Amino acid sequence: MPSDTLMPARTRRGAAHIGIAGAGLLGRLLAWTLSRQGHAVSVFDPAPGPAPRFDGLGAAGFTAAGMLSPLAELETADPELAARGWDSLRHWEALCAAWARRRSPAPHFARQGSLMVTHRSDLGAAHRVLNRLCALARAQDWPQQPHPLDAPALRALEPDLHSSTGPMHAWMLPGEGQIDTVQALQTLQADAEGVQWHWRATVETVRPGTLGLAGEATLRGFDQVFDVRGVGARPECPVRGVRGELVWLHAPGVDLRRPVRLLHPRHRVYIVPRPGDLVLVGASELESEDRSAMSLRSAVELMAAAHSVLPGLAEARIVRMDTNLRPALPDNRPEIHTETGLTRINGLYRHGWLLAPSLVHEALTHLQLIPDTSTLLPHHG
């Protein structure tokens, strides 16, 4: 692309030229939303194409189990973040319902609550977590409150979920949900009509109305540019990478319907079912910028923890072990920075899928690039 290239002409009266640096979750959600409002959108990303990557170098959104858990995140987050999570759940529900009416297959979305479980030996640590969740939920006067499940109730909800080492304690977190992250990322890109996707295009600098690409190409003439490169936004943004690890298992015959978090003094392990007899097992976060493959210790600990509450995984087959870096700012909170011609959104940490729709909706309504309606769906349907 030659230096000082101007962007395409507006597609309709009142439309804007939009440049987006980054084609991860935020970039694709921005592109999809803006294109459906008639704006001229160009997206730039160093990836070779839109397909999923599981090599530690692609979009961090692919390395995510897709738990939408505002209540559970109160363990370490504040009520404001959880409130954004409830807002995002509403957006995801509306988006997936709209896709289901006109696309096949549509991204899998479910909202049947999630479970927290613990072994009896770890009950003290679990109660400390649950006490915090309940106190904060009550303080916010949310109708969703964690409540305990006795053995018959747990068996009725999740027959395959039980401890292989003795009694297990469980709590229901109502209202929480899950989304198939790979399907959703693919749909956001494929369904973004009219968007110009520029792959193998690394954005090195972002300035108001301007994107500077590797190779000294400078793209000018945007009405607004968005920097959503995650860890790639350094050094312009004080972001660090937090390692996430995810094991994909193929487990025919294992019946799990809801996401599960195993409370443990040392680990925060989650287990998430996916269509196609898949079960994803992951760890919340590791303070490391190592992009290398998963270690033997991590793999053994993750799978042993999952097997301890879901014994049917014993004969599951390992599909892949995936790692990536999630972007976090120094305070582990997301940030929207806006100035004339430039918006930066970064720092989603381990909450990317839980926060992205709420942050995008706030940024775009503030800029008056979309109507201030109830969801990210266009006003015309």
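Predicted model: local features only at pLDDT ≥ 70, side-chain atom pairs only at ≥ 80, totals over all residues.

**Overall form**

A compact globule of 381 residues would have a radius of gyration near 21 Å, and the protein chain, with 21 Å, agrees with that value. Along the principal axes, the C-alpha trace spans about 65 × 45 × 40 Å. Seven helices and 21 strands make up the secondary structure, and 59% of the 381 residues are buried. Of the contacts between residues at least 6 apart in sequence, 75% join residues at least 24 apart.

Three strands are arranged in the order 4-9-5 as an open sheet with antiparallel pairing. Strand 4 (67–68) and strand 5 (109–110) stand at the edges with a single partner strand each, so one side of each is left without a neighbour in the sheet. Two bridges link strand 4 to strand 9 (residues 177–179) in the antiparallel sense, and Leu-68 has Gly-177 of strand 9 as its bridge partner.

Strand 12 pairs in the antiparallel sense with strand 11 (residues 203–207) over four bridges and runs antiparallel to strand 13 (residues 218–220), to which two bridges join it. In the former pairing Arg-207 stands opposite Thr-210, and in the latter Gly-212 stands opposite Thr-218.

| Hairpin | Residues between the strands | Glycine with positive phi |
|---|---|---|
| Strand 11 and strand 12 | two residues | Gly-209, about 75° |
| Strand 12 and strand 13 | four residues | Gly-215, near 95° |

**Asp-322**

Is Asp-322 buried or exposed? Asp-322, which is found in strand 19 (residues 317–328), has a relative accessible area of 0%, and because buried means under 20%, Asp-322 is counted as buried. Leaving aside neighbours within four places in sequence, the contacts of Asp-322 include Phe-54, Phe-62, Glu-245, Trp-248 and Met-294. Pro-70 lies 252 residues away from Asp-322 along the chain, and the C-alpha atoms of these two residues are separated by 24 Å.

How values were computed
Residues numbered from 1 in each chain as written. Heavy atoms only, no water. Rg over C-alpha atoms; globule rule 2.2 N^0.38 Å. Buried < 20%, exposed > 50% of the residue type's maximum accessible area, 1.4 Å probe, protein only. Contact = heavy atoms within 4.5 Å. Pairing = 2+ DSSP bridges.
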